[in-house]
Amino acid sequence: MSRPISRKHLLRLAGAAGGGLALGAAGYTRLDGGSAASAESQAEPFHGAHQGGIVTPQPKYLQFASYDVTAGGKAGLRDLMRSLTATAAGLTAGKAGNEEFHPARLTITIGLGASAFDSRFGLAARRPPALVDMPAFKGDKLKPELTGGDIGVQCCATSHEVVDRALHAVTAAAHGAATLRWSQYGFVRDPLPGERGGTPRNILGFKDGTNNLKVDDAARMRSNVWVNAGDGPDWMTNGTYMVTRNLKVLVANFLIEPIDVQEYAFGRRKPTGAPFGQKTEFAPVIRDKEPPDCHIMVANPRRAGSEAERILRRSYTFTDGYDAQISNPTGGLFFIAFNRDPRRQFISIQRRLATHDRFTVEYPVPRGSAMYAVPPGIRPGGYVGESILA
Ligand code: HEM
């Protein structure tokens, strides 16, 4: 079952009526930005077998930062990780130096990029084989200033102010030992009226996360997210690999497409999130009813091997100005995914999406890309990366 997607109608003139229409369509989301005071006083645990911010239910706000380490040698990196860990432990408990604040479910997740395993810190021989250099994918328009980095730090909370403060405090803690390479703010859209508690919608208005892995499914997290004992290297056991992709989307170009064209791109109905031929969001996908080149079927072809490939997505929407030439506000998806082995999960999926998925081929422009080894959780008094740096 296939049907040609209509040609993109580029909005070239600032006054084009399409721009207004598109904004009107996007405007149906309610942006109240608020979070209950009771939620803001809640703290997520910092210590445990795994780092926070992975199977923690996803809160509304993100600040992500990637740093280049300037400190010398293994001892320099160890001191930096100790300092970042102490800062993160304080912040997640609601303390920044002498100041107290509502932690707002803040989690801080820290990973080591592939570049941290070059000759500078004596870690080259211990680089996890799964932490490959990210391959180039078709359609990539990567900017070095939005890509890579020695250390990645994901800050998530129910308060915008708190993720900003976390970014500032972590950057201050890195001062003199690491410089900020890039950072990215993100948010999860508010639900539509009547949808509270359901799957959030992405920047294009589609329910996003319907067939994501469920974080409370411990067996699934073990098989698809956590590095198991025996996977190697030992220091990564109970850790995971975090992939980030900065995907710019020309939102208005997508929203001026007729709704059936939009739905064909993803393979799900826009109002309900239902797969084709079904009425409700969580009804099973009927393979023969789906366009073979739609996003969900290319991402998950539902054949032998597909289950092992599945990833935990934890992405955020962003907006960042406009492109005057084509009269489009710019923004997109800051894609974040956790996997046990990105070689046979994220990379395998992304290779197919970049060449066969009509949504990916046509709309998102990958501007940034990174991958980090996220070491296991932290014991009280310990620090992130202790299993490799001690
Ligand atoms: C701007 C970029 C993207 C947008 C707007 C987007 C949007 C969506 C939407 C609306 C769905 C259907 C609902 C759901 O099950 O969550 C979906 C599913 C999915 N997406 Fe994406 N996505 C994007 C990029 C990516 C990338 C880069 C990957 C991974 C390489 C990816 C992997 C998946 C997977 C694995 C599914 C679930 C398929 C299934 O099991 O049915 N997506 N995405």
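**A first look**

Just after α4, Gly176 takes a positive phi of about 85°. This is a predicted model, in which local features need pLDDT of at least 70, side-chain atom pairs count only at pLDDT 80 or more, and totals for chains, interfaces and linings use all residues. Residues are numbered from 1 along each chain as its sequence is written. Helices (H or I, at least four residues) and strands (E, at least two) are DSSP runs, numbered from the N terminus.

**Helix α4**

- The 15 residues of α4 (residues 160–174) should span 21 Å at 1.5 Å a residue, and the end C-alpha atoms are 21 Å apart, which agrees; the expected span is 1.5 Å times one less than the number of residues.
- Buried residues of α4 include Val162, Arg165, Leu167 and Ala174. A residue is buried if 20 or more other C-beta atoms, placed from the backbone, lie within 10 Å of its own.
- Among the elements covering these buried residues are β1 (61–69), α3 (73–92) and β6 (178–187).

**The nonpolar core**

- The largest nonpolar core has 95 residues, of which Cys155, Ala166 and Val170 touch the most other members. The largest share of this core, eight residues, comes from α4.
- Such a core is a set of buried Ala, Val, Leu, Ile, Met, Phe, Trp, Tyr and Cys residues joined through C-beta atoms within 7 Å.
- Leaving aside neighbours within four places in sequence, Val170 is in contact (C-beta atoms, placed from the backbone, within 7 Å) with Ala65, Leu84, Thr87, Ala88, Ile108 and Val153.
- In soluble globular proteins, nonpolar side chains tend to be buried together.

**Strand β7**

- β7 runs antiparallel to β11 (residues 364–374), joined by 10 bridges; here Met242 has Tyr372 as its bridge partner.
- β7 also runs antiparallel to β10, with nine bridges, and Thr244 stands opposite Ile336 there. Two strands pair if DSSP finds at least two bridges between them.

**Around the ligand**

- Thr210, Asn211, Ala299, Asn300 and Leu333 come nearest among the 27 residues around the ligand, where a residue counts as near if its C-beta atom, placed from the backbone, lies within 6 Å.
- The largest share of this shell, four residues, comes from α10.

Terms used:
Buried ≥ 20, exposed ≤ 12 C-beta atoms within 10 Å, placed from the backbone. Contact = placed C-beta atoms within 7 Å.
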